[in-house]
Amino acid sequence: MIIHGGIRYSEKGITTSLRAMHVQSELIGMYNENVIGFDKIGYQRKDPVVSSFTEFLGVHGLSQTVDDKVGRIAVSDNPLDLALANKGYFQIQSEDGVKLTRDGRFKIDRDGNLLTLEDERVLSSAGVPIQLPIVPEKIDDIRINAKGLVSVFNKDTKKMENAGYLGIVDSNGVIVMDPQVKQGYNEFSNVSLQNEFLGMMPIIRNFEANRQIFMIQNQNLQKVISQLGSTS
């Protein structure tokens, strides 16, 4: 006895073309998001992932991964602007819980709390918000070393007082031992515009090819319907 098995898949060509154009539109949107994020501080490139069955699943076969390479680091005039020269994330206490970011633009309030530009608390390595022991007259009195230790100069004692280490972790929430914090710097995105445009070109060509196929199939279908109507 011989058993023949297999999978047979058949569908209309118009449906295939429409699904392909939908997928390619989503891919172009992902690349456009990276282009828009080119000049954003702390932005990390999103890398499209196409599964093996995307031609059948459509956009449900698409996903994204985050490129965690270090971005472009530039000098800032603000001592509370921080950049990470190694991989890792600052921990921020938001209304929705703890979130991770590489945007190190911070400020302090009148109580000495270290905050983001959106007034969210910056967390220490102990998981508690960082608060300076004293509020300095000028932010230049605040020092943050490469390990992420935050300290402030006390004019009365003429000594530096520590506020704690920044809670810098990897994507799994594990503390980064050597984050290489750079005080007075901003990290811009790790997006390369040239690579993004080069990546979009074959997708745009595939979209145009599928659009042409769709138009031909649609015209042929209209002719068939017209001929059937004239013979009835």
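## A surface patch to start with

In which helix does L57 have its place? The place of L57 is in helix α2, which covers residues 54–57. As you look around, keep in mind that this is a predicted model.

L57 itself has a relative accessibility of 46%, so it counts as partly exposed.

Let us turn to a sheet. Strands of a sheet pair through backbone hydrogen bonds, either parallel or antiparallel. Here, three strands form an open sheet in the order β10-β11-β12, and their pairing is antiparallel. Because β10 and β12 stand at the edges with a single partner strand each, one side of each has no neighbour in the sheet. From one strand to the next, the twist averages 25°.

Strand β11 takes in residues 149–154, and five of its six residues are buried, so the rest of the structure largely encloses this strand.

## Two hairpins

Now follow the chain through the sheet. Strand β10 (residues 142–144) runs antiparallel to β11, and three bridges join them. Across this pairing, I142 stands opposite V152 in β11. The two strands make a hairpin with four residues between them. In its turn you will find G148, which has a positive phi of about 95°.

The next hairpin is made by β11 and β12, again with four residues between the strands. K158 takes a positive phi near 60° in this hairpin. Strand β12 covers residues 159–165 and pairs with β11 in the antiparallel sense over six bridges.

## An aromatic pair

A pair of aromatic rings is described by the distance of the centres and the angle of the planes. How many aromatic pairs does the count come to? The count comes to one. F90 and F106 form an edge-to-face pair, with 5.2 Å from centre to centre and 85° between the planes. F90 lies in strand β5 (residues 89–94) and F106 in strand β7 (residues 104–108), so the pair ties together parts that are 16 residues apart in sequence.

Are F90 and F106 buried or exposed? Both residues are buried.

## Salt bridges across the chain

Side chains of opposite charge can pair when their charged atoms come close. The structure holds eleven salt bridges. One of them joins K99 and E120, whose closest N and O atoms are 3.1 Å apart. This pair links distant parts of the chain, 21 residues apart: K99 is in strand β6 (residues 97–101), while E120 is in the loop between β8 and β9. K99 counts as partly exposed because its relative accessibility is 36%. E120 has a relative accessible area of 16%, so it is buried.

Another salt bridge brings together the side chains of R102 and E187, at 2.8 Å from N to O. R102 sits in the loop between β6 and β7, and E187 in strand β15 (residues 185–187), 85 residues apart. Both R102 and E187 are buried.

K107 forms a salt bridge with D119, and their closest N and O atoms are 2.7 Å apart. K107 belongs to strand β7 and D119 to the loop between β8 and β9, twelve residues apart. With 29% relative accessibility, K107 counts as partly exposed. Elsewhere, a network of salt bridges links R45, D47 and E196.

Terms used. Residues are numbered from 1 along each chain as its sequence is written. This is a predicted model: local features need pLDDT of at least 70, side-chain atom pairs count only at pLDDT 80 or more; totals for chains, interfaces and linings use all residues. Side-chain values use heavy atoms; hydrogens and water are left out. Buried means under 20% relative accessible area, exposed over 50%, partly exposed in between (1.4 Å probe, protein chains only). Two strands pair if DSSP finds at least two bridges between them. Axes are lines fitted to C-alpha atoms, for helices over the stretch in contact, and angles run from 0 to 180 degrees between N-to-C directions. Rings of Phe, Tyr and Trp (its six-membered ring) pair if their centres lie within 6.5 Å; planes under 30 degrees apart count as stacked, over 60 as edge-to-face and the rest as tilted. A salt bridge is a side-chain nitrogen of Lys or Arg within 4 Å of a carboxyl oxygen of Asp or Glu.
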